[in-house]
Amino acid sequence: MTNAECPECASSISLAANAEIGEILSCPDCGTRLEVRSLAPPKLEKAPGVEEDWGE
Amino acid sequence: MKLAICYTIISAENKMLIDSAKKRGVELSRIVDGEELLCLTHREKAPEYDAILQRSVSFSRSQSLTYYYESLGTLVLNPFHAARVCGDKMQTSIELAKAGVPTPKTFVALAPDAARAAAAKLGFPLVMKPVSGSWARMVHRINDRDALDAALESREEMGSPGQKIYYLQEHVEKPGRDIRAFVVGNEVIAAIYRHSTEKSGWITNTGRGGTASKCEVTHELSELSLRAVSFLPEGIYGVDLMESAGGMVVHEVNHTTEFRNSSPVTGVDIGDRMVEYFISRAKR
């Protein structure tokens, strides 16, 4: 398990061993939706908002 | 054999698909759609992948990438033609009707006055949707002329050009639920009822607060769902049906169907069945 920093509130967030680039998670401290952008080194960015063309 | 999964974000479904493939001894390469750079004219190497499971949540990116990879000779599930038809409700309705699949009476109007004329033919309540869109976004039940005018004015003032194409459909009285049937290849592997709730209002979409319960795959449901994809390339689809007074009708076919809430209630590992099918298609 590795830790990454929340870009919004600077909290340390644990990434699961099977975390994937593109995975969306919420910061447990500030609630911001975050996207895993890199695993080595671990890096989080604010998750993209839902676009008009998103869907199934 | 090199297999890949293409996505915008890692949704719960995509993680299940990756995990299922791993359990089957297949490591799916990751194609993050926003990071792709496509050289269209000077292709220097053979296709990198034998097959791609297309799971982009972005319809625009999905279409571009699917077309591109198919042009290289790569098998993409679902194929471009499937995305094009399923991603446009007007095309879907036309193809359903042509295939003789029972489907609600539907009009497309390209301007507000034509939408009002369609409403005069359909009567109220009616359902108005954008031709392109998902997750019940901007899907409105219109109960009267005032509500129609308000919805049209909002779309005219704030909508993108695509949202100014008005898809108007007869409102089907249904028993507080509709059905999502999962078609994998030539088989309906599972189905759920999607129930409307206090939170979701009249809409049944589980992403909007609707709930899921198991629906038995009867012969009638199976036969109708397979007919609803008969005009599409063989692949993986989510068929949406309603139980009307006159029998079941099909109103949508989804080409990147979600299933996170459906596997637990049906007892079918839908993601694993998709992966099994994807691998078998890649080997054909």
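Colleague: What separation do the centres of domain 1 and domain 2 of chain B have?
Modeller: The centres of domain 1 of chain B and domain 2 of chain B, taken over C-alpha atoms, are separated by 33 Å. This is a predicted model, in which local features need pLDDT of at least 70 and side-chain atom pairs count only at pLDDT 80 or more, while totals for chains, interfaces and linings use all residues. Residues are numbered from 1 along each chain as its sequence is written, and chains are lettered from A and ligands numbered from 1 in the order in which they are written.

Colleague: Which domains is chain B divided into?
Modeller: Chain B is divided into domain 1 (3-86), domain 2 (105-170) and domain 3 (177-283), with bounds that come from an automatic or database domain assignment.

Colleague: New topic: where is Thr204(B) found?
Modeller: Thr204(B) is in the loop of chain B that runs between strand 10 (187-195) and strand 11 (211-214), where strands are DSSP runs of E with at least two residues, numbered from the N terminus.

Colleague: Buried or exposed there?
Modeller: Thr204(B) counts as buried because it has 25 C-beta neighbours inside 10 Å (buried needs 20 or more other C-beta atoms within 10 Å, exposed 12 or fewer, partly exposed in between, with C-beta atoms placed from the backbone).

Colleague: And which residues is Thr204(B) in contact with?
Modeller: Leaving aside neighbours within four places in sequence, Thr204(B) is in contact (C-beta atoms, placed from the backbone, within 7 Å) with Arg177(B), Asp178(B), Arg194(B), His195(B), Ser196(B) and Gly210(B).

Colleague: How many residues apart are Thr204(B) and Ile279(B)?
Modeller: Thr204(B) and Ile279(B) lie 75 residues apart in sequence, and in space they are 32 Å apart, C-alpha to C-alpha.

Definitions and conventions:
Helix = DSSP H or I, 4+ residues; strand = E, 2+ residues; numbered from the N terminus. Contact = placed C-beta atoms within 7 Å.
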